[in-house]
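Thanks for coming, everyone. I'll keep this brisk, so please have a look at the model on the screen.

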Amino acid sequence: FSTRLVFLDLTAMAEQQQFYLLLGNLMSPDNNIRKQAEVRGENSAVFTADNLGDCRTVLSPQVKQMAAVLLRRLLSSSFEEIYPGLTLEMQTAVKTELLTSIQQETSPNIRKKVCDIAAELSRNLIDDDGNNQWPEVLKFLFDSVNSDNVGLREAALHIFWNFPGIFGNQQQHYMEVIKRMLVQSCTSLPHNTALLKHFADLLPGILQAVNESCYQGDDSVLKSLVEIADTAPKYLRPNLEATLQLCLKLCADTNLTNMQRQLALEVIVTLSETAAAMLRKHTAIVAQSVPQMLAMMVDLEDDDEWAMADELEDDDFDSNAVAGESALDRIACGLGGKIILPMIKQHIMQMLQNPDWKYRHAGLMALSAIGEGCHQQMEAILQEIVSFVLLFCSDPHPRVRYAACNAIGQMATDFAPTFQKKFHDKVISALLQTMEDQSNPRVQAHAAAALINFTEDCPKSLLIPYLDSLVQHLHVIMVAKLQELIQKGTKLVLEQVVTSIASVADTAEEKFVPYYDLFMPSLKHIVENAVQKELRLLRGKTIECISLIGLAVGKEKFMPDASAVMQLLLKTQTDFNDLEDDDPQISYMISAWARMCKILGKEFQQYLPVVMGPLMKTASIKPEVALLDTQDMENISEDDGWEFVNLGDQQSFGIKTAGLEEKATACQMLVCYAKELKEGFVEYTEQVVKLMVPLLKFYFHDDILFVSMPLLLECARVRGPEYLTQMWHFMCDALIKAIGTEPDSDVLSEIMHSFAKCIELMGDGCLNNEHFEELGGILKGKLEEHFKNQELRQAKRQDEDYDEQVEETLQDEDENDVYILTKVSDILHSVFSSYKEKVLPWFEQLLQLIVQLICPNRPWADRQWGLCIFDDVVEHCSPSSFKYAEYFLRPMVQSLCDSSPEVRQAAAYGVGVMAQYGGENYRPFCTEALPLLIRVIQAADSRSKENVNATENCISAVGKVMRFRPECVNVNEILPHWLSWLPLNEDKEEAVHTFDFLCDLIESNNPIVLGPDNSNLPKIFLIIADGVANESVKSEDACSKRLANVIRQVQVSNHCVPQKLYLDLGHSRAFDERTLSSLKI
């Protein structure tokens, strides 16, 4: 039945039989009958205890189960709308009837469903003070768990398992009673840390129950142990060794089912992910699990037809081989290469020398599996590994050759670009040779797939010497396989070869031009003729290949074919509505159109009316979603295309991901059109915004959505300020709410960055009071969360399981937190730059948190970004900024000598903006800061890689003090030194400031800068030349024009540039005709 929430207004029905009929229709296999029943049910809103009684006594088991599911979902989704509207008498009757149903129901499955309803009602009847307003259910639990009736004991535990918070604020009071409940069953555990210690002595009984139940053909208790390992791993600590030994025993017992053995292994693997540090203390047992995984990977069947298969089947995730490989991958990532590689290396070497092909295959697949987790350790011995793996490209068994290609392809991805740089000659040769294996198409295809992985991350300069050989091999194979397609209908190898050609062209770029005519006719022929359903993937990949080649060779070479290619695409596009939703051509077509847009530029605009309809249709796909409890999830596997976000309280938000990849691709292409066509895309901005903004609430969204917001605003500008403002208002609320609710830090950072860009683009007035209030609360929350997370990480460093790998994880978490802090700074920067001093009263709610960031005991990243925020306050809100000087001036001056170059850089920038924008009040601090700046500049290692940016900011700050606050410094004394420190090559923004000041000095004929008889001109010209050569100054900058004028002025005043000057300049690599022309001289 539909997962949509349906509820019934029985009182509105004329006849009781209509209710039964409606339930029956909801279960109908006929879609039309079921949809009519759903529509009818959606208009109803009341249930009664009498009808619950009818469900218990009258209806068939199937209909009773349907009614129970619907009622639970009604309580879950619409409790506030429905339950409080019932009379007190009816509420009491409903509660009584539920408990009666549980006691009298004979079907275990339906009894569980009614228990779910009771748990859901209990969840909603816990008030704000933690009181359970249904005390009868607690008494029912205690009575049932002591009952002789096994079904009632199970029912009580099922309710408790479904809602562990059922005791509310009385939990501590009932602790011993709860413990007795669990002792009697050993089937469920609460997940509160304090409770885990209280129930520690239950674990031996649980382990015994796991062991006994497995040999009785029941794996439900073992599944519970997996759940404990996932959600409360530290509960297992007192008996961890016994737990691991039990799991090893079960995993090794071939008398058990494959699923039971895999679940036993899953306990160990899950612990490697949820409690890696704890598990690392038991490496001896972990070492025993590795051969078990490898043994599973050897569990393969001989299949004489395997090498000739033309259709690739999806992996059988229930097979031991796939389960073992997955476990190895996960445990390597969980525990790290330092632990796993020494354990597995010798086993793999022995397997690779085994005469049985299954062992060699498993050994190579194991190498592929551990590459990500053992990256650092494998990189050190990569030469040895690669040399060994390449030998198996010539193994007598095709499945071993396949596994060798798999290992090469995986390493090409895991170790890029080091792998490509070190082994390009051996790897390309081995793969091309393996691709000639005509009698084993599946091996051929996998060699081509490995070549794709290799070329995708291969530096262009490394690939070019092999281009002739690669192209020749690929062309020969393509021609041969095209003939096979015509004669036999086989296409697997051709599909991969076409993608290989596309990958080579993509990397080679314009170097692919000489080979363009070799491939394009055949590729167009495939698109024209491969119209059968079984050739959809080949056609889609060929469309991709043509568009990638066109992008690689450029518009000039591609244009003669562009019209014909566009007609082919347009024909496919015309048939778009006839394509099935899962047609693989759709995503390839969408991406191809975007590449054509990049190739054709503004000329592509004429095709938008044809392209946009299907593109918007794909981008508008509404995936199937559901709010599920753990019971429901047992019937839905992630292998069925569902992914889940755990919401707590035994509930998860699930989404069926089929079609999501196409949806994400379509959204990316919309962004591409907006970026490439700019105002040419304006006709579609409104509908794209209306599509994308609601997706901000979507858990499984793509980062690209947020990049699109400022781009769409840019497109809309051409319609005028009123249209632009309306579009921004539609976006703004959703963006702010997304910042407050987004759980994924990577996506959150993109949203925050996009929001900041939008504010910069829209400027003053783009946020109203409600926006500011909400934004202030959110930013305050982010800063408080930042400090709280740091405290939590410090607490983890005191944990008994803390070790080196834990510290690496904590460092990664810290980097994520700091990245979010940088985005808080970005948003504040955009607000300050747009609103100036008007926003300071709003900022004061964040002031103490920002002050906390720059305390001397904070990590350097906190101090850096705290200072950056105060830099913005000074730059954009002065002279009003001085009212906060007591909070930041002293830390800023002291930070000029900080051990961290990032902190020094932020402080130096602050001094520069004080001088430029701060006003009279900052004058004493500019004077005080100057000797500190000079000390940093003159330090011996000031120009080292890690220090250079901080040093250049100090140089720029000295220049700004001399330029804007000359009364604070002896300019004549400092100026010669400042000139000797130029140019700035790393910090492009500050380089512009220094060149502007240099122009001021030259234009005013400053004698110190020019020197006696203009003797400093050669040095000045060299500074300018170096700046231009390093692209510190761009030709379109105003500064560039001033520099050009300065050079002209010298030429005019001297009638020409003196010969000596040219001779002196001749020593500079940078100063040549190109330098002069880039300055438009």
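Which residues in H5 are buried? They are Gln91, Val94, Lys95, Glu97, Leu98, Leu99, Thr100, Ser101 and Ile102. Buried means under 20% relative accessible area, exposed over 50%, and partly exposed in between, with a 1.4 Å probe and protein chains only. Helices are DSSP runs of H or I, at least four residues, numbered from the N terminus.

A word on ground rules. This is a predicted model: local features need pLDDT of at least 70, side-chain atom pairs count only at pLDDT 80 or more, and totals for chains, interfaces and linings use all residues. Residues are numbered from 1 along each chain as its sequence is written, and side-chain values use heavy atoms, with hydrogens and water left out.

Back to H5, residues 88–104. Its 17 residues should span 24 Å at 1.5 Å a residue, and the end C-alpha atoms are 24 Å apart, which agrees. The expected span is 1.5 Å times one less than the number of residues.

Next, H34, residues 660–677. It has 18 residues and reaches 26 Å from first C-alpha to last, close to the 26 Å expected. Of those 18 residues, 13 are buried, so H34 is largely enclosed by the rest of the structure.

Lys678 follows H34. It sits in the loop between H34 and helix H35 (682–692). Lys678 counts as partly exposed because its relative accessibility is 47%.

Lys836 also has a positive phi, near 55°. Its loop runs between helix H40 (804–835) and helix H41 (840–853). At 35% relative accessibility, Lys836 is partly exposed.

Now the cis peptide bonds. One joins Ala416 and Pro417, with omega about -5°. Pro417 lies between helix H22 (398–414) and helix H23 (418–434). Another runs from Leu982 to Pro983, with omega near 0°. Pro983 is in the loop between helix H47 (971–980) and helix H48 (988–1003). For context, most residues other than glycine have a negative phi, and most peptide bonds are trans.

Last, charge. Asp299, Glu301, Asp303, Asp304 and Glu305 gather in a patch of negative charge on the surface. Patch members have over 30% relative accessible area and no salt bridge, and like charges are joined within 9 Å. A salt bridge is a side-chain nitrogen of Lys or Arg within 4 Å of a carboxyl oxygen of Asp or Glu. Glu305 is in the loop between helix H16 (283–297) and helix H17 (320–335). With a relative accessible area of 57%, Glu305 is exposed.

Key
Patch = residues over 30% accessible without salt bridge, like charges linked within 9 Å, V, L, I, M, F, W, Y side chains within 5 Å. Areas by Shrake-Rupley, 256 points an atom, 1.4 Å probe, with all protein chains shown as cover. Lys, Arg positive; Asp, Glu negative; His and termini not counted. Charge placed at Lys NZ, Arg CZ, Asp CG, Glu CD. Helix = DSSP H or I, 4+ residues; strand = E, 2+ residues; numbered from the N terminus.
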